[in-house]
Amino acid sequence: MARLRVGVLISGRGSNLQALIDAAATPAYPAEIALVISNRLEAQGLQRAAQAGVPHEAIPARDRAAFAAAADAALRRHRVELIALAGFMRLLDTGFVEAWQDRMINIHPSLLPAFPGLHPQRQALLAGARFSGCTVHFVRPEMDTGPIIAQAVVPVRDDDDEERLAARILAAEHQLYPLAVRLYAEGRLRIGGNRVTVAGGMTADIAALNPAA
Ligand code: GRF
């Protein structure tokens, strides 16, 4: 069966991209990475794509509309069906977001709607939260909003600093993102307003990431 063609947008390290590349290396995984786009030339994720033999492009356009036009053309050229934002640190043009409505997802290192925006791990520590985690959601024009597909919960420990908490959340991200892409690729997600239902229920894998989910 044809696999879902995923385009991944990055700005830096690309460890979530790597998790998706690794998942897609299994032939049974229902998605493949068709294209990686970075808005920064020096993003480490571009090297990861090169190493994995995945088509990749840097689009260092300063202007938001110019980036959107170039990215859109590249994504269509590579017949991308789903965009996965993975550490993409730039606001996207609204027209671009609307054009890819319900076909673009993002991962954010907090349990949204708590702690959107920058430094969510620092925000969780400052708020004294006992749990944080990560969220995969459909993208809407307003930053870090949109119907939630999947979340994973991570405890906040008394001796955590930002770096330790970020590392614990990142490990959960690397499990959650491939699982969420799989649900999409299997055609199991239904969006109703702000809620997503998963046909056949959440996979045991996602439940296993969460206490008593
Ligand atoms: C991740 O924590 C992701 O949730 C956030 O930015 C970070 C990107 O890390 N949006 P990486 O580039 O995937 O390693």
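Me: At roughly what angle do the axes of helix 1 and helix 6 cross?
Reply: This is a predicted model, where local features need pLDDT of at least 70 and side-chain atom pairs 80 or more, while totals for chains, interfaces and linings use all residues. Numbering starts from 1 along each chain as its sequence is written, and side-chain values use heavy atoms, without hydrogens and water. Helix 1 covers residues 15-24 (helices are DSSP runs of H or I, at least four residues; strands are E, at least two; both numbered from the N terminus). Its axis and that of helix 6 (lines fitted to C-alpha atoms over the stretch in contact, angles from 0 to 180 degrees between N-to-C directions) come within 9 Å and cross at roughly 45 degrees.

Me: Which residues of helix 1 make the contact with helix 6?
Reply: Contact means heavy atoms within 4.5 Å. On helix 6 the residues are Leu 170, Glu 173, His 174, Tyr 177, Pro 178 and Val 181. Helix 1 contributes Ser 15, Asn 16, Ala 19, Leu 20 and Ala 23.

Me: Which residue does a cis peptide bond join to Leu 112?
Reply: Omega is about 10 degrees at this bond.

Me: Is Phe 115 buried or exposed?
Reply: Phe 115 sits in the loop between strand 5 and helix 5, and its phi is positive, near 55 degrees, although the residue is not glycine. Its relative accessible area is 18%. Under 20% counts as buried, over 50% as exposed and in between as partly exposed (1.4 Å probe, protein chains only), so Phe 115 is buried.

Me: What is the relative accessible area of Asp 144?
Reply: Asp 144 lies in the loop between strand 6 (131-138) and strand 7 (148-155). Its phi is positive, about 55 degrees, though it is not a glycine. Asp 144 is buried, with a relative accessible area of 13%.
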